[in-house]
Amino acid sequence: MKYLLSLLSVVVLLSACKKKEGGCDATAGDTTASAQEEKMVTDYIAANGITGAVELDSSGLYYVIETPGNSKKPGFCSTVAVKYVGRLTNGTIFDQTTGTNTAVFSLVGLIESWQRTIPLLGEGGKIKLIVPPALGYRDQGSFNPNTGQYTIPPNAVLIFDIELVIVRS
């Protein structure tokens, strides 16, 4: 389940990420949510009294940096160790790390919302994301064939609380 975040992004990664010898020249996407999706996000922010939310680059993705962290920030091609909780707008947790455990990901393999916001943090930083479907799992959602149910429904707004624990370049 920890790799749920990277499942959809693998397709994006394969089509948008080019590796060259000795480095990485991949870049994050520039997806913009529809007006309807942005309204879903802003309605959630208002209904839940979230203050200080900032929109990222007119994308419809909103975030709140709760702790900026230190000066060691990841690049787009970094590997990061994070603690996180992913929720639906009804509060249902669909994925999380527990206790002192972290999840380790290559940033280029994650959903676009994470690719574009985690570099805003330094190690030790914490951020809340309110993600429109276009920057999450879109209209595909995340379906578990073993249970026959969606862990993330299609067109879901996602809420993530993320702590950036370690940055590895």
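Which residue forms a salt bridge with Arg87? The partner is Asp161, and the closest N and O atoms are 3.0 Å apart. Arg87 sits in strand S5, while Asp161 belongs to strand S11 (residues 158-168), so this contact ties together parts that are 74 residues apart in sequence. Arg87 is partly exposed, at a relative accessible area of 27%.

The model is a predicted one. Six salt bridges are counted in it. Some of them share partners: Asp57, Glu112 and Arg116 are joined in this way into one network.

Turn next to the loops. Lys72 pairs with Glu123 in a salt bridge, with 3.8 Å between the closest N and O atoms. Lys72 lies in the loop between strand S4 (62-67) and strand S5 (79-88), and Glu123 in the loop between helix H3 (112-117) and strand S8 (126-131), so the pair ties together parts 51 residues apart in sequence. The two ends have their own accessibility values. Lys72 has a relative accessible area of 42% and is partly exposed. Glu123 counts as buried because its relative accessibility is 18%, and the cut-off for buried is under 20%.

Now look within a single helix. Asp43 and Lys39 form a salt bridge, their closest N and O atoms lying 2.8 Å apart. Both residues belong to helix H2 (residues 35-47). They are four residues apart, about one turn of the helix. Asp43 is partly exposed, with a relative accessible area of 38%. Lys39 is also partly exposed, at 49% relative accessibility. That value still counts as partly exposed because exposed means over 50%.

Conventions: Residues are numbered from 1 along each chain as its sequence is written. This is a predicted model: local features need pLDDT of at least 70, side-chain atom pairs count only at pLDDT 80 or more; totals for chains, interfaces and linings use all residues. Side-chain values use heavy atoms; hydrogens and water are left out. A salt bridge is a side-chain nitrogen of Lys or Arg within 4 Å of a carboxyl oxygen of Asp or Glu. Helices (H or I, at least four residues) and strands (E, at least two) are DSSP runs, numbered from the N terminus. Buried means under 20% relative accessible area, exposed over 50%, partly exposed in between (1.4 Å probe, protein chains only).
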